[in-house]
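Some notes on the ligand sites follow, as numbered points. Please read them alongside the model.

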Amino acid sequence: MAEMARQTLQAIDEADAVIFMVDARNGITVQDKVIADRLRRAACPVWLAVNKAEGMNPAVITAEFHELALGEPLAISGAHGDGITDLVNLALEPFPVDEEKTDDFGIPKIALVGRPNVGKSTLVNALVGEERVIAFDQPGTTRDSIYVDFERDGKPFTLIDTAGVRRKGKVFETVEKFSVIKTLQAIEDANVVVLVLDARENISDQDAHLAGFILEAGRALVVAVNKWDGLSPDQRDDIKRDIGRKLAFLDFARFNYISALKAKGLDTLLKDVEAAHAAAFIKLSTPKLTRVLEMAVEQHAPPKSGLFRPKPRYAHQGGKNPPVIILHGNALEGLRDDYKRYLESSFRKAFKLQGTPLRIQVKEDTGKNPYEGKARAPLTESEATRMRRKKRVRRKVYGAG
Ligand SMILES: Nc1nc2c(ncn2[C@@H]2O[C@H](COP(=O)(O)OP(=O)(O)OP(=O)(O)O)[C@@H](O)[C@H]2O)c(=O)[nH]1
Ligand SMILES: [Mg+2]
């Protein structure tokens, strides 16, 4: 409770405007008076919103709240939306829109995810350099995704602190039941995910499952093995071996051994995040892709499938975040998965794609325009994947049925 109160006071200090919300149905409470005393000394404008006022006479319902001496009380209903537009317009009036700032394209959005209590919130605070979110030695401290903007070396980033998730049976869950969907949404919303692991606990199936989910979502990934401070060399070796065994499928991602508490290893972590972000949004030209494809095929031709040997002819980029490479050619449905993996690693090496998943898809050349005569182009592969994935997310969160 003390930590929460501290965050609230800090928010008041930093805010450009405050909306103080009271409950029309409760009337003025003792706490309201204490808060009002504090707010009368605030350096910014304060708006007094009297909530739950639907179906009541505004003049009557707000009358007693004049006593708080915070100006004209405004009757609103958050549940029904009454009076909200007026309130927001009033509160925003002193702040003209800064066109440049509203365009946040290109700012890396980084979600920090992991099991409860691994140190995600501590890491957010360490990166920002001040106490932005509550960190506490108790699983389930963070209940909702919290977006925090910050700059480092003049570069802007957005961090998303999330509620810790664990896996129970076939579905993910958090300490607080409804937080899990927020965390999974944050993964979808992010450009780069930092998977935070706790070096003091065994790397578990839980971590591998969460990593799998991130991979399936196609997000760029950097791993942070936290609480690296105060471990003996033997312990460190053990953990590294454990990770090598259980998280081998994350070989495309960089692993960082850090201490959020002591602010160690953060510069390298952020560098890896930037590299992963750049890789996820890389632009690959058709000639360059095709050249790499040709070289790979020359070195190692695709094995025959039945009577035919698949013949990839050229490649182009079909999407970003994650990059999708579409192969064109003949008999490509016969391309085996291990050969696709071989091509993937060839592209990865050629374009130094560190930290992002990479998708390879094939397209059969039919010699005619597949969209001819159709009113609307069918979904592209990446659109279709995205829709399928969304459905899958929903199923995972709620479980079967
Ligand atoms: N020794 C050590 N302790 C740490 C480190 N990072 C975090 N902790 C401690 O781990 C505990 C949990 O930290 P939080 O940052 O609240 O963990 P969280 O992952 O946000 O937890 P939830 O919000 O519950 O999911 C706190 O007691 C932290 O002080 C670290 O690098 N080293
Ligand atoms: Mg937390």
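1. The shell around ligand 1 has seven nonpolar, eleven polar and five charged residues. Here Ala, Val, Leu, Ile, Met, Phe, Trp, Tyr, Cys and Pro count as nonpolar, Asp, Glu, Lys and Arg as charged, and the others, Gly among them, as polar. The model is predicted: local features need pLDDT of at least 70 and side-chain atom pairs pLDDT 80 or more, while totals for chains, interfaces and linings use all residues. Residues are numbered from 1 along each chain as its sequence is written, chains are lettered from A and ligands numbered from 1 in the order written, and side-chain values use heavy atoms, without hydrogens and water.

2. Of the 23 residues around ligand 1 (a heavy atom within 4 Å), those that come nearest are Lys120, Thr122, Gly140, Thr142 and Asp229. Helix H6 (residues 120–128) gives the largest share of this shell, three residues; helices are DSSP runs of H or I, at least four residues, and strands runs of E, at least two, numbered from the N terminus.

3. Oxygen atoms of ligand 1 have polar contacts (N or O pairs within 3.5 Å) with the side chains of Lys120 at 2.8 Å, Ser121 at 2.9 Å and Asn226 at 3.0 Å. Taken alone, ligand 1 exposes 660 Å², and the protein buries 90% of that (Shrake-Rupley, 1.4 Å probe).

4. Because Ser121 lies in helix H6 and Thr142 in the loop between H6 and strand S5 (146–152), the pair ties together parts 21 residues apart in sequence.

5. Ser121 and Thr142 are both buried, meaning under 20% relative accessible area with a 1.4 Å probe and protein chains only.

Key. Polar contact = N/O pair within 3.5 Å; in protein donor to acceptor, adjacent residues only side chain to side chain. Buried < 20%, exposed > 50% of the residue type's maximum accessible area, 1.4 Å probe, protein only.
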